[in-house]
Structure formats: C-alpha cells, structure tokens
Amino acid sequence: MHRHTVNPIIIAILLLFSLNKSVQAQTNKTNKVNSTGVSVSPSHFHFGMKPGESKSYSITINNSTPKAKSFNLNIFDFNMNGKGKSSFLPPGQGEYSLSKWLNISPTFVELKPFEKKKVGFTVSIPNTEAGNKAAWSIIMVELQEERKKLNPKNKNENTVALGVIPTFAFGIFAYQNPPTVVDNSVEFIDFLYEEKDAKRISIVAENTGDGISYCTSYIDLTNLTTGKQERLPVKKFTILPGLIRDFVFEIPSNFKKGKYLAVGVLDFENSEEIQAAKLEFELN
C-alpha cells in the first residue's frame, strides 16, 4: 500500500497539471487553465461514449496579449501506478490509451494579439472489446517561442553559446468511461489523523474496479465534549483503475482542543452505496 523519450519540458508541465484538477462532470466547458495573458478551456474532458460512437469536441485558445502567439498541439499517454507514480508515453503506448482514438486538427495554431480560436478534435470509440474499457490521454497546448541569436561578449573561435528559451504549456486531461464499464468501485485503504506541519486528516482510497471513478468525499467532525458538529470542505476527485490516492483535509486552526470523532465518507458515481470510515483522535 502504505522507452520512448519525451520532451523534459512536457514532463514538467504534465507533473504540474495533476489529477487533482479533475471534477465530477460529463464535460465541463467552463474551467480554464491560464498563464500570463493566455488561457485554454476547458481544462479537462469527461466522456461517456458508447463503443462505436464518434463525437466532435473543441478546445478554445485565447491570446489576450498585445503580441502574436503560436502553439503546437500534441497528444500524450500516461500510466498511473501504485500511489500515483506517473510514466508519460508517446501516443498509443499507454496501457489505457485514448490517444489512438483521438484526432486533432489543426495541430499548429497562430493567434493575433487579442484573438481567440477554437481547435476541433474527434473521438471515435471502436466497437470492440478495447472500446468497452476506460481510456485516457492528455492534450498538450505548447507555446512556441522564436529562437533568438546569441551574441556572447568576448567571443572567439572556441566560444560555445547556450541559451534557455522560456515557454509554457497547458495540459488538458481527456477521460473516457464507457457505460459498459460495470465496476468502478472505490474502497477505503486508510483513514488517519496526523500532526506534522499542520493538523490534518487523510483519506487513502483505492479504485479496485476497471473503470474511472468520479468521487465526492467529505469529513464530519464531532467534538465529543460539546457535541458540536462541523463538516470540512467537500472534495471532488478522479481515481483511475488500480490507483491509490491520498486526500488531505486540513483542520482549521480555530477548532478547540479536545477529543473528536471523525467520520469520512466516499460517494462515487453510479454507486448505490457509500463508503464510510470513522476514527477518534485528540486535538492538542
């Protein structure tokens, strides 16, 4: 419990856009990912397409700066193992690859100052055994910067000039969970109270099924002396098949010292039952 080469810039960006950004929705077209003066929306897609279906979607790139911008669009696969260790792969190489059924056009976009454009893509799920399983990939929208000529001081015939081109990229997660998936169960692995840099309670959960689970979790705290009850902020998240994830709830500093009962709840989509766990702890 408790190889193919990919551009290292892309790896860093992929790590930045963690799975925590996912929420429970079929397709949410209001969320954005932003950088200085540039935005891309939505930040993720949740498909529920049947095997044999083909549908079209779009990504909006908005350049709200006074300079022209250019972007490359690429698709990558990623595998998640154990407690979230990621390995990022070229399209078609992931264990649960969606990229082989996803087609984007165009893959290069130029935007004038203060211009926005939509880029279309099509998802075509085959009517095969593979199409009856969950799949996912990530769409990368990467800013292209012109390479500048370097003129180092005191140069001679032995001078070698190196430069770094600052750039950024947006990661848009695409998840496909067909209605034919029958098991997207999530189970508690652990439920614990910790006092380290902050006082917090963690829910450790595992997707034991074969489909993507869209979950809602919350924790109710009861002061065993006063009987006062409070609910910590609700969290929404995605757990991929076979993945174990930690969800941390920080306890506000205004909570009084004393003994508490914590009840943690996991409520996941398409489930007739909820998962619950409880623990007692003392807040010092």
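Buried means under 20% relative accessible area, exposed means over 50%, and partly exposed is in between (1.4 Å probe, protein chains only). This is a predicted model, where local features need pLDDT of at least 70 and side-chain atom pairs count only at pLDDT 80 or more, while totals for chains, interfaces and linings use all residues. Residues are numbered from 1 along each chain as its sequence is written, and side-chain values use heavy atoms, with hydrogens and water left out.

Q: Where do F47 and F121 sit, buried or exposed?
A: Both F47 and F121 are buried.

Q: Why is the pair of F47 and F121 called edge-to-face?
A: Rings of Phe, Tyr and Trp (its six-membered ring) pair if their centres lie within 6.5 Å; planes under 30 degrees apart count as stacked, over 60 as edge-to-face and the rest as tilted. Here the centres are 6.5 Å apart and the planes stand at 65°, so F47 and F121 make an edge-to-face pair.

Q: What makes F188 buried?
A: Its relative accessibility is 17%, and the limit is under 20%, so F188 counts as buried.

Q: How do you know that F191 is buried?
A: Check the number again: F191 has 12% relative accessibility, which is under 20%, so F191 is buried too.

Q: What makes R231 sit over the ring of Y218?
A: The rule asks for NZ of Lys or CZ of Arg within 6 Å of the ring centre and within 35 degrees of the ring normal. R231 lies over the face of Y218, at 3.9 Å from the ring centre.
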